[in-house]
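Please walk through the structure below, one part at a time.

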Amino acid sequence: MHEDIHIVLDSVSDVRETALINNPRIHELRMIVRHGNEEWYDGDKPLEEMFKMVESTGELPTTSQPSVGETFELLRDLAQQGKKILVINCDSVLSGTYQSCCMVAREIMKEVKGSDIRVIDSKLASNAICGIAEKLLGKIEAGITMDEAEAHVMDMVKRTTIFFTIDSLEYLAKGGRIGSVSALLGSIFGIRPIIRVNPDGNIVSIDKCRTRKKALKRLIEFAEAEGEPEEIFTPYSMADADAKYLEEEMSQRFPGVPIRSGRIGTIIGTHLGPSAIGLFVRTKA
């Protein structure tokens with residue numbers, strides 16, 4: 001008998017931008033965005049509207065992880081139904097959701113006899129997480145066990161690398177990710193950093209470019225250097241034309257390799273701004 005495994009993702013995965021949101025085995029924990037007196041769940045407000053709010057007030061929204069109560073309710077309901085649960089969280093350096101889910105999982109496994117909840121820190125964000133979930137669904141349908149499912153996710157995480165670039169350091173500065181002096185200097189000299197998420201989940205700048213065109217080319221160069229891709233991801237903010245450029249360039253270099261493209265949500269957009277674009281690669285095993 002196959003184990004009835006369900007997958008829980010947080011909204012930083014941008015799962016609402018994909019067909020996965022309609023899969024009965026997929027569940028979402030939604031983060032919260034606040035701006036002034038307004039509050040909304042990640043995914044309920046388009047990026048354009050949020051950036052207009054920032055432009056008109058000069059203030060960034062604040063963000064918070066899903067409430068412990070909502071997390072507990074979702075995981076307990078699934079556990080009481082006899083579901084085995086695999087929670088795949090975004091990078092724990094970026095959000096405290098992973099720690100909260102670990103705490104809730106421990107409590108539920110004490111309360112619900114026979115429950116099995118595994119919580120994974122993916123060290124990733126956006127549609128790279130959806131790519132992992134989609135691959136995992138196929139394995140689940142084929143009869144994979146929980147131990148095998150967890151190992152499969154960890155293997156894909158290790159083979160996935162995140163690169164991205166932004167035009168303005170303003171949002172990172174306002175969000176406390178870099179100092180105001182660094183942001184000012186970057187703006188004056190037109191610095192466009194190439195940023196990588198390391199295997200430990202920490203964000204590091206690995207290159208600096210003077211033009212957007214050069215930055216996009218460097219993204220491609222870094223992604224190519226990772227090796228033969230199994231799947232390619234191009235998450236972006238309000239940079240539709242640049243996303244299309246990356247898709248076309250990577251398609252020419254790696255014909256037949258699936259490319260998953262889509263807009264990021266307001267949680268990531270709050271910290272990276274309207275020009276953000278990423279090139280993520282999961283290499284072949």
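Which way do Ile117, Val119 and Asp121 point from β7, and which way do Arg118 and Ile120? Ile117, Val119 and Asp121 point one way from β7, Arg118 and Ile120 point the other way, and all are buried. Buried means under 20% relative accessible area, exposed means over 50%, and partly exposed is in between (1.4 Å probe, protein chains only). In a regular strand the side chains alternate between the two faces of the sheet. Strand β7 covers residues 117-121, and five of its five residues are buried, so it is largely enclosed by the rest of the structure. Helices (H or I, at least four residues) and strands (E, at least two) are DSSP runs, numbered from the N terminus.

This is a predicted model, in which local features need pLDDT of at least 70, side-chain atom pairs count only at pLDDT 80 or more, and totals for chains, interfaces and linings use all residues. Residues are numbered from 1 along each chain as its sequence is written, and side-chain values use heavy atoms, with hydrogens and water left out.

Strand β7 belongs to an open sheet of four strands in the order β2-β1-β6-β7, with parallel pairing. Two strands pair if DSSP finds at least two bridges between them. At the edges are β2 (26-29) and β7, each pairing on one side only. Strand β6 (residues 84-89) is joined to β7 in the parallel sense by five bridges. Ile85 has Ile117 of β7 as its bridge partner, and Val87 has Val119 of β7. Helix α3 (residues 97-111) lies across β1 (5-10), β2, β6 and β7, and runs at about 170° to β7. Such angles run from 0 to 180 degrees between N-to-C directions, with axes fitted to C-alpha atoms, for helices over the stretch in contact.

A second open sheet has six strands in the order β10-β9-β8-β13-β11-β12, and its pairing is mixed. Here β10 (203-209) and β12 (259-263) stand at the edges with a single partner strand each, so one side of each has no neighbour in the sheet. Strand β11 (residues 229-236) pairs with β12 in the parallel sense over five bridges, and Phe233 stands opposite Arg260 in β12. Helix α4 (residues 127-141) packs on this sheet and touches β8 (160-165), β11, β12 and β13 (277-283).

The structure holds one aromatic pair. Rings of Phe, Tyr and Trp (its six-membered ring) pair if their centres lie within 6.5 Å; planes under 30 degrees apart count as stacked, over 60 as edge-to-face and the rest as tilted. The rings of Phe163 and Phe222 have centres 5.7 Å apart and planes at 20°, so they are stacked. Since Phe163 lies in strand β8 and Phe222 in helix α8 (residues 212-225), the pair ties together parts that are 59 residues apart in sequence. Both Phe163 and Phe222 are buried.

Arg159 sits in the loop between α5 (146-158) and β8. With 11% relative accessibility, Arg159 counts as buried. Its side chain reaches the backbone oxygen of Thr283 at 2.6 Å. Apart from neighbours within four places in sequence, Arg159 is in contact (heavy atoms within 4.5 Å) with residues including Glu230, Val281 and Thr283.

Methods: Polar contact = N/O pair within 3.5 Å; in protein donor to acceptor, adjacent residues only side chain to side chain.
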